Amino acid sequence: MEARTVVITGGGTGIGAACAQLFTLQGDKVFIIGRRAELLQKIAQETGSIAIVADVSTATSWDENILPQIQQYTDRIDVLICNAGGMGLGTVEDMSDQQWRQAISANLDSAFASIRGCLPFLIRNQGNVLFIGSLASLAAGPEACGYVTAKHALIGLMRSVARDYGRQGVRANAICPGWVKTPMADAEMQPLMEQHQFSLDEAYRYVCRDVPLQRPASAKEIALACKFLCSADASIITGAALVIDGGATVVDLPTLAFT
């Protein structure tokens, strides 16, 4: 059987890099795409994946840059993992038009352009696409209007793809992680570290104090869930948003006072 081709956007760090590690280990041909060349090359060397430096948020980039580079190696794409994202902090009142557009571009346009570019290959090979959402896809954190809005919309995009292309054999799912120890989350810990004189580990314990498992996930733990959803073992699963949050969303907030 021919090895699968896996394309991972935002593959230079965090969950994307952990996915690159797992998928290459099982024999898949993996392409990691992002804008930061140094990070991509480092992960490519560590995992044996192939790095492509590009902005994934436009059709032009896919048509003129990304797909031609992939097709130098293979004529198939079996799995697409839309992991690119970030940005979008601030309230409605605080955000400028430019910041809003950046948030939508980074989190939503990137996924839309990626699935549209890869869709003909996925249909041909009855492949699947996995969208990396967040708890922000389901609930609103404070002062993160652009991020929350885009991540909510990502679930709608996933469901549309699942609905429209299931009859052609394409599966589409999403994962919604809670806190995950990644460079992006590390940066989000900085204000707590400064305010309370916490170490990084103490800050993570603080934000997870009301989570049943009382800890963040590792990037590898999230990647293992991605590996399952993109495998034949999940062949009947499509249109699903899998929450991976250590139990955070089962907590009844009004009862926290009784804990």
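Analyst: Contact means heavy atoms within 4.5 Å. Helices are DSSP runs of H or I, at least four residues long, numbered from the N terminus. This is a predicted model, where local features need pLDDT of at least 70, side-chain atom pairs count only at pLDDT 80 or more, and totals for chains, interfaces and linings use all residues. Residues are numbered from 1 along each chain as its sequence is written, and side-chain values use heavy atoms, with hydrogens and water left out.

User: What makes helix 1 and helix 2 a contact pair?

Analyst: Ala-17, Ala-20, Gln-21 and Thr-24 in helix 1 meet Ile-43, Glu-46 and Thr-47 in helix 2. By class, this contact has 3 nonpolar, 3 polar and 1 charged. Nonpolar covers Ala, Val, Leu, Ile, Met, Phe, Trp, Tyr, Cys and Pro; charged covers Asp, Glu, Lys and Arg; the others, Gly among them, are polar.

User: Why are helix 1 and helix 2 called roughly parallel?

Analyst: Look at the angle. The axes of helix 1 (residues 14–25) and helix 2 (residues 37–47) come within 10 Å and cross at roughly 25 degrees. Axes are lines fitted to C-alpha atoms over the stretch in contact, with angles from 0 to 180 degrees between N-to-C directions. Under 35 degrees counts as roughly parallel, over 145 as roughly antiparallel, 65 to 115 as roughly perpendicular, and the rest as oblique. Helix 1 and helix 2 are therefore roughly parallel.

User: What is the handedness of the crossing of helix 1 and helix 2?

Analyst: The crossing is right-handed.

User: Why are helix 3 and helix 4 called oblique?

Analyst: Helix 3 (residues 59–71) and helix 4 (residues 97–125) have axes that come within 10 Å and cross at roughly 45 degrees. Helix 3 and helix 4 are therefore oblique to each other. Their crossing is right-handed.

User: How do you know how helix 6 lies to helix 7?

Analyst: Helix 6 (residues 183–196) and helix 7 (residues 200–207) pack at about 95 degrees, with axes 9 Å apart. That makes helix 6 roughly perpendicular to helix 7. Their contact has 9 nonpolar, 1 polar and 1 charged. Among the residues that meet are Met-189 and Leu-192 in helix 6, and Tyr-204 and Val-207 in helix 7.

Definitions and conventions:
Helix = DSSP H or I, 4+ residues; strand = E, 2+ residues; numbered from the N terminus. Left-handed = near helix turned anticlockwise from the far one by under 90°.
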